[in-house]
Amino acid sequence: LSADQVVAYNHPGNQLATLVALNSGSEVAVDAGKQVAMQVAAMNPMAVSKDGIDSKTIEREIEVGKDQAIQEGKPAEMAEKIAMGRLNKFFKENTLLSQQFVRDNKLTVEQFLNNTEKGLTVSEFKRFSLS
């Protein structure tokens with residue numbers, strides 16, 4: 001991981017650990033990074049942002065969304081819009097910066113980091129599980 005600061009979190013029981021790379025090494029950034037590392041452990045995001053989700057996964061989610069909309073009886077011309085809405089929900093649930101912050105669900109992780117230190121963000125993370 002390349003960053004100004006890498007924060008590690010080892011979940012109790014030693015079966016799950018995370019590393020979070022931040023663009024700042026300030027004390028408040030490190031404290032926030034520990035909370036974000038816990039978020040990664042709890043919520044298991046697929047990527048930092050939607051840019052990190054591969055195109056095959058995005059295409060599959062769009063197709064599933066269209067199929068579901070059509071099966072629900074929605075007109076075919078509406079299925080595309082419905083699928084895009086479901087794709088946005090997928091991003092909110094599966095990308096770290098867009099996830100609701102577990103300690104304050106009124107904020108996304110991105111908002112929490114920016115409120116902690118202007119411009120603070122995660123460049124990369126790793127999640128290791130032994131189970």
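Predicted model: local features only at pLDDT ≥ 70, side-chain atom pairs only at ≥ 80, totals over all residues.
**Entry 1, main core.** I began with the largest nonpolar core, which holds 23 residues. Those touching the most other members are Val20, Val36, Leu96, Val109, Phe112, Leu113 and Val122. The greatest contribution comes from α1, with seven residues.

I listed the contacts of Val109, leaving out residues up to four places away in sequence. Val109 touches Val36, Leu96, Leu97 and Phe101, and also Gln39 and Gln99.

I noted another core lying apart from the largest one. This core has seven residues, including Ala47, Ala83, Leu87 and Phe91.

I turned to α3, which runs over residues 76–94 and has 19 residues. From its first C-alpha to its last, α3 reaches 27 Å, close to the 27 Å expected at 1.5 Å a residue. Which residues of α3 are buried? I found Ala79, Ala83, Leu87, Phe90, Phe91 and Asn94. Viewed down the axis of α3, these buried residues fall within an arc of 115°, so they line one face of the helix. In general, an α-helix has 3.6 residues a turn, so residues three or four places apart point the same way.

I checked what the buried residues of α3 pack against, and found α2 (55–71). On the other side of α3, Glu77, Lys81, Lys89 and Lys92 are exposed.

Terms used: Residues numbered from 1 in each chain as written. Heavy atoms only, no water. Core = buried A, V, L, I, M, F, W, Y, C linked by side-chain atoms within 4.5 Å. Buried < 20%, exposed > 50% of the residue type's maximum accessible area, 1.4 Å probe, protein only. Helix = DSSP H or I, 4+ residues; strand = E, 2+ residues; numbered from the N terminus. Contact = heavy atoms within 4.5 Å. Expected span 1.5 Å × (residues − 1). Arc of directions from axis to C-beta.
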